[in-house]
Amino acid sequence: AFISLLEAEKLKLNIDYSGIEAYPISMDEIDQLNYPNQLNTLDKKDTFTKLHEVSWGFNHVITPNFQLQKEEKDFFKIENKNTFNLIYFDAFGARVQPELWTEAIFKIMYEALKNNGVLVTYSAKGSVRRAMQSVGFIVERLEGPPGKREMLRATKRT
């Protein structure tokens, strides 16, 4: 969310960001991440903190270009249809949370995306790619971020 906010400001984009989290982390854990320092954006530390301190279940204007609504719920309870342009799927890996890397979950994500919407994930496992394809996604392997060789981008085409 923070990086999306920074990009929205830089590119003058308006972003309505929905964050879904079944198990939110504490402010103490958030402070330990130290993202503003790691991203060399200490001037945005108050904005970073605000992202995490706003209440759950309501839409909040964080900056003129960025609105945030946080929802505390399980992925299986997502009922959105044709709502999102982009999903960052950043669940723990299949070894740790196998229930989040199934066709059932990817079907929920597929239905939540608008046509031409994109789901990206750091996972590049063959079983994940096949599960995405089985529900209708067109899947591409991309170069991964630092520390990851590859990642997946899945696009909804109807």
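Is Tyr-17 buried or exposed, and what is its relative accessible area? Tyr-17 is buried, with a relative accessible area of 17%, where buried means under 20% relative accessible area, exposed means over 50% and partly exposed lies in between, computed with a 1.4 Å probe on protein chains only.

The model shown in these views is predicted, so that local features need pLDDT of at least 70 and side-chain atom pairs count only at pLDDT 80 or more, while totals for chains, interfaces and linings use all residues. Residues are numbered from 1 along each chain as its sequence is written, and side-chain values use heavy atoms, with hydrogens and water left out.

**View 1. The three-stranded sheet with strands β1, β3 and β2**. Three strands form an open sheet in the order β1-β3-β2, with mixed pairing; helices (H or I, at least four residues) and strands (E, at least two) are DSSP runs, numbered from the N terminus, and two strands pair if DSSP finds at least two bridges between them. The edge strands are β1 and β2, each of which pairs on one side only. From one strand to the next the twist averages 30°, with axes taken as lines fitted to C-alpha atoms, for helices over the stretch in contact, and angles running from 0 to 180 degrees between N-to-C directions. Strands β1 and β3 run parallel and are joined by six bridges, and Ile-15 stands opposite Phe-66 in β3.

**View 2. Helix α1 and the elements packed against its buried residues**. In helix α1, which spans residues 2-11, the buried residues are Phe-2, Ser-4, Leu-5, Leu-6, Ala-8 and Glu-9. These buried residues pack against β1 (15-20), α3 (35-38), α4, β2 (59-63), β3 (66-71) and β4. Just after α1, Lys-12 takes a positive phi of about 60°. Thr-47, found in helix α4 (residues 45-53), counts as buried at 17% relative accessibility. Leaving aside neighbours within four places in sequence, Thr-47 is in contact (heavy atoms within 4.5 Å) with Leu-5, Ile-62 and Thr-63.

**View 3. Two of the aromatic pairs, Phe-2 with Phe-48 and Tyr-17 with Tyr-88**. A search of the whole structure finds nine aromatic pairs; rings of Phe, Tyr and Trp (its six-membered ring) pair if their centres lie within 6.5 Å, and planes under 30 degrees apart count as stacked, over 60 as edge-to-face and the rest as tilted. Phe-2 and Phe-48 form an edge-to-face pair, at 5.0 Å centre to centre and with 70° between the planes. Because Phe-2 lies in helix α1 and Phe-48 in helix α4, this pair ties together parts that are 46 residues apart in sequence. Phe-2 counts as buried at 5% relative accessibility, and Phe-48 is buried with a relative accessible area of 5%. Tyr-17 and Tyr-88 form a tilted pair, at 6.3 Å centre to centre and with 35° between the planes. Tyr-17 lies in strand β1 and Tyr-88 in strand β4, so this pair ties together parts that are 71 residues apart in sequence. Tyr-88 is partly exposed, with a relative accessible area of 44%.

**View 4. The four-stranded sheet with strands β4, β5, β7 and β6**. Four strands form an open sheet in the order β4-β5-β7-β6, and the pairing is mixed. Its edge strands are β4 (84-89) and β6, each pairing on one side only, and neighbouring strands of this sheet are turned by 20° against each other on average, direction ignored. Strands β4 and β5 run parallel and are joined by five bridges, and the bridge partner of Phe-84 in β5 is Leu-113. Helix α5 packs on the sheet, touching β4 and β5, and its direction makes about 135° with that of β5.

**View 5. Helix α6 across strands β5, β6 and β7**. In α6 (residues 126-134), Val-128, Ala-131 and Met-132 are buried. These residues cover an arc of only 100° around the axis, which puts them on the same side of α6; the arc is that of the directions from the helix axis to the C-beta atoms. Among the elements that cover the buried residues of α6 are α5 (103-112), β5 (113-121), β6 (138-143) and β7 (150-155). Just after α6, Gly-136 takes a positive phi of about 120°.
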